[in-house]
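Subject: Structure for you to look at

Hello,

I am passing on the structure that we talked about, and I would be glad if you opened it beside this message and followed along. My notes on what was found in it come below the model.

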Amino acid sequence: MRVYAVIGYPLNYTLSPSIHNYVFRVLGLDAIYVPLKVSPSRLRHFVEFARDSLSGFNVTIPHKVSIVQLIDGTTGPAKELGSVNTVVNRDGELLGYNTDYLAIRQALSERGYLGGDALIIGAGGVARAAALALRDLGCTRVYVMNRTVERGRELCSLINSWGIDCEVLSLQRDFGIKVQLLINATPLGVEEGFPIDPRNAGAELVLDLAYRLSGDTSLVELARRESIRYIDGLEILIRQAIEADKAWLGSFERPDWREVLTVLRGR
């Protein structure tokens with residue numbers, strides 16, 4: 001049996017086992033996917049365990065950056081971002097991928113996004129993946145809004161290094177800019193109202209990387225109410241999970257993200 005896992009700390013709740021174990025069943029694999037709570041102080045020990053015992057694993061908060069120094073290499077966007085969310089075990093060699101980037105790029109491209117000005121709310125690892133996807137889809141101006149302005153400056157510095165204009169904004173309701181795309185890369189809107197009205201930003205498309213299994217986030221509710229097209233975080237979660245499965249197993253046609261979403265929402 002092949003064993004896969006997701007690691008994080010704390011790891012109180014995750015939909016990843018439901019997604020990956022469904023994919024394994026559809027593909028007829030003798031495989032299982034489990035959640036593992038791994039503290040930062042135990043990360044190095046986990047990596048050595050994984051090298052011997054796991055076929056692959058996913059990485060979530062707070063390990064996406066620190067894992068890079070403990071594995072054997074990174075590929076593509078993971079190398080450029082210095083952030084990994086998927087690790088493949090190839091006969092004891094651990095290679096890191098970033099399927100968050102792939103999922104975000106796919107979803108935006110399929111909605112016809114062609115590089116218009118964008119506002120990213122948040123400055124963590126998934127915000128970096130979103131920024132790289134924007135670059136590769138032709139974006140030339142990005143605004144970064146973050147509670148901690150210094151972290152926003154760090155992300156803007158990275159974006160500037162790619163030849164993209166970037167401006168940092170503090171988190172506020174009134175900010176006087178207009179963008180085509182608004183991206184939420186924070187947990188805002190899951191438990192409380194979302195502080196930014198996408199209509200006030202002129203957004204024609206909303207990408208909310210937060211998600212709720214039952215019902216919508218408050219940002220998606222705002223977008224729907226104002227007839228703004230949106231992509232919700234559950235779609236991105238499933239897309240990145242399927243890309244991780246393809247990194248581990250090779251290409252497959254089914255299930256696709258829509259099928260998995262239907263199954264999750266029907267539970």
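Which helices and strands each supply at least two residues of the lining of the largest pocket? They are β3, α5 (125-136), β8 (141-146), α6 (149-161) and α8 (233-249), where helices (H or I, at least four residues) and strands (E, at least two) are DSSP runs, numbered from the N terminus.

Before going on, please note that this is a predicted model, in which local features need pLDDT of at least 70 and side-chain atom pairs count only at pLDDT 80 or more, while totals for chains, interfaces and linings use all residues. Residues are numbered from 1 along each chain as its sequence is written, and side-chain values use heavy atoms, with hydrogens and water left out.

**The pockets**

A pocket is found on a 1 Å grid over the protein atoms alone, as an open set of points where a 1.4 Å probe fits, with protein on both sides within 12 Å along at least five of seven lines, and its lining residues have an atom within 4 Å of a point. The largest pocket has a volume of about 1,500 Å³, a volume being the space filled by probe spheres set on the points, which are joined across faces, edges and corners. Among the 46 residues that line the largest pocket, T60, I61, K64, V126 and L209 are the closest to its centre. The largest share of this lining, 4 residues, comes from α8. By class, the lining divides into 26 nonpolar, 14 polar and 6 charged residues, where Ala, Val, Leu, Ile, Met, Phe, Trp, Tyr, Cys and Pro count as nonpolar, Asp, Glu, Lys and Arg as charged, and the others, Gly among them, as polar.

The second largest pocket holds about 180 Å³ of space, and the residues that line it include Q106, R239, W257 and R258. In its lining, 4 residues are nonpolar, 1 is polar and 7 are charged, and α8 again gives the largest share, 4 residues.

An open sheet of 6 strands runs in the order β2-β1-β3-β5-β6-β4, with mixed pairing, and two strands pair if DSSP finds at least two bridges between them. Its edge strands are β2 and β4 (73-74), each of which pairs on one side only. β5 and β6 pair in the antiparallel sense over 5 bridges.

**Backbone details**

The loop between β5 and β6 contains D91, which has a positive phi of about 55 degrees although it is not a glycine; D91 is exposed, with a relative accessible area of 85%. The peptide bond from I61 to P62 is cis, with omega near 10 degrees, and P62 is found in the loop between β3 and β4.

Best wishes

Note on methods:
Buried < 20%, exposed > 50% of the residue type's maximum accessible area, 1.4 Å probe, protein only.
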